[in-house]
Amino acid sequence: MQDKVNIVVIKPRGKKWWSIEWREIWRYKDLLYFLVMRDIKILYKQTVLGFTWAIIRPLLSMFVFTLIFGKLAKLTSDGVPYAIFNYTALVPWTYFSSSLTTSTQSLIMNVRIFTKVYFPRLFIPLTPILAKLVDFFIAFIILIIMMAWYHIYPTVKILIIPYLVFLMILFSSGVSMWLSALAIQYRDVKYGVQFLAQFLMYAAPVVWSISLIPQKYRLLYGLYPMAGVIEGFRCSLLNTKPIPWDLIISGTISALIIFITGFLYFRWKERIFADVA
Amino acid sequence: MRNNISIKVENLSKIYRIGLKEETPDTFVGAVKGFLLRPVENFRRLRKLSKFKEMETKDVIWALRNVSFEIKKGEVVGIVGENGAGKSTLLKILARVTDPTSGYALLSGRVGSLLEVGTGMHPELTGRENIYLSGTILGMTKKEIDNKFDEIVEFANLSKFIDTPVKRYSSGMKVRLGFAIAAHLNTDILLVDEVLAVGDLSFQRKSLGKMRDVVSEGRTVLFVSHNMAAVQALCPKTMLLHSGKIVKIDRTPEVLKEYFKLMGNKNPKNLDNLKREGNGKVKLTSLKIYNNLGDEFNYVRSGDVTVIEFTLEKYAIVKIVDIAFRFRDLFGQLLFTCSTQFTGQTLEINSQRLRGKCILNKFPLAPGIYHIGFWVAADRERADYLEKALELQVIEGNFWKGGKLPVVRKDGPFLVEHKWVFEEEKNGQ
């Protein structure tokens, strides 16, 4: 029908500024696909090792940490070899930190695109979130190989893994929306995020065991969603302890809050991105 | 919105904040204090970029001020104006890249924007990958690109290099690829900004041709350009913007006349910056064009007595010079030449400086924009050559004393004196 043409209305921000036009997202789905493919393809372009880097990077970290914290500092590792204790945490951690640093820069890197063309702006910080999943799955496969090497066999507890991956993505996206929208206006964030990532790593139980946290602070500490994700990975895959529901639940609550506020902040700011960039 | 309206803009305004000059302290204590408080100041400044509550007038500019207009379906409208007149801001608002401060706009149908050539292309990816990436960024779906893929490659003339990373392309190849993708965008409304000013001459001609196809397909097009000739060739209607306001929106020749008046006075021809070739023994140092009424704008009327006045300067010992003016259209197509060789004048240059005039008794071109090229040979060797010495706007004049003037697009550029003789033959007599 001729009358049913789609009318685009352009005006200053209205009352329902946060609402998403799902029809529009659907129309642009191919763009999201190609953006993600771009990030995946260019990541290891012109390297000799290519995707082997996705394996080498967490493994190298593991060797360093095992040497320093496992052998020298002799940190406790919940009864499993320190190397796999550490690597199990590094798999979700590497995903979180690399998607965090990449998406913080994402708006700055894509200035030339979004100041010229309209498309759903949320695609920009979400692209690294999706693209880094490739590295995550490669690292995860290595983890499975290592488990076989150490003769560690998972139990039915691994059914929680998909939820933990979801929680990990939820938290990463929330933080990414916050930081990318902040970084486009305040470039300090771009420099600060390197330190933030380092700080967050030591704040998470990556090199140390969660058993170092006193019981009464456990729920509070669980508000840091990566605590629940990492401890959940260890408990379910390495069969160290029962599933830490307390950590996972409080982590889910705070991840949801960060996701929703991050989404609102991003939507609030996105209309002025082109002006402040 | 009425059915035949494609774009409706009502009281659209956009305010930008420009950075204020920072105050420099004049004492040491002041400098230390300034250094310590700098982060606080910076934060205020950065935050202000997105806040307009206070509306101080000192550091805001109105890029657009209460602009209203309507464009019918299938209309092709040019937007002209000086730098900073608000052309790009208007296009950016309509492309939804940035938000208006007040007012609103309605657009019916899918909107494609072509604000740059090669938007979103990534140097590490191959031509093929970039066609899909850039195409989807511009708003196409994968299926649409699949259908047009061969056409795009064909147009860009890159079939051999389609699987080569774009970073190995020459800049000309990149531009060709970028334009080819954008030109195959299939939307109801197309917003185009200055994309024809890229590539070599032959590709420019090709892309202009492609733009002509686009505008003849019945789509609504808004076309921003500094190339008056392109505007003239593509757009029957034009909008003139000046400091964020619409000065005139009318038929293109009328609007361009206004534009050239606006620009003409403050646009002294600086020949030094033009591209020129030749051994430099003799050089063109000044050039102007005027009619018999002495109007000295960059425009003449069809049919006017037209004078091109110029000055030559001698930089070496030479004896004989030949001079020629070449008139070209915007495609670079040579239309005609005025030359001292044609008129059989042998010119000896004895003094340091030579002033000359070339007089055309009845200017023979239809309204439009043309380029005048200049050529001078010293002792049969090319001394100075400027392909585009002057951009000339020709406006309607009374070539035929009251008759209708031809339209370049339909009737061709030349006005030739002619007359008709009829003889009625009656049947059976």
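This is a predicted model: local features need pLDDT of at least 70, side-chain atom pairs count only at pLDDT 80 or more; totals for chains, interfaces and linings use all residues.
As for handedness, α7(A) and α10(A) cross in a left-handed manner.

The residues that bring these two helices together can be picked out in the structure above. On the side of α7(A), the contact involves A:Ile161, A:Leu164, A:Val165, A:Leu167, A:Met168 and A:Phe171. Their counterparts in α10(A) are A:Pro225, A:Met226, A:Gly228, A:Val229, A:Gly232, A:Phe233, A:Ser236 and A:Leu237. Sorted by class, the contact of α7(A) with α10(A) holds 11 nonpolar and 3 polar residues, with no charged residues.

Attention now turns to chain B and its strand β3 (residues 76-80). This strand is mostly covered, with 5 of its 5 residues buried. B:Val76, B:Gly78 and B:Val80 point one way from β3(B), while B:Val77 and B:Ile79 point the other way; the residues on both sides are buried.

Strand β3(B) also has pairing partners in chain B. It is joined by 4 bridges to strand β7 (residues 220-224), and the two run parallel. Within this pairing, B:Gly78 has B:Phe223 of β7(B) as its bridge partner. Another 4 bridges link β3(B) to strand β8 (residues 237-242) of chain B, again in a parallel arrangement.

Definitions and conventions: Residues are numbered from 1 along each chain as its sequence is written. Chains are lettered from A and ligands numbered from 1 in the order in which they are written. Side-chain values use heavy atoms; hydrogens and water are left out. A crossing is left-handed if the near helix is turned anticlockwise from the far one by less than a right angle, and right-handed if clockwise. Contact means heavy atoms within 4.5 Å. Ala, Val, Leu, Ile, Met, Phe, Trp, Tyr, Cys and Pro count as nonpolar, Asp, Glu, Lys and Arg as charged, and the others, Gly among them, as polar. Buried means under 20% relative accessible area, exposed over 50%, partly exposed in between (1.4 Å probe, protein chains only). Two strands pair if DSSP finds at least two bridges between them.
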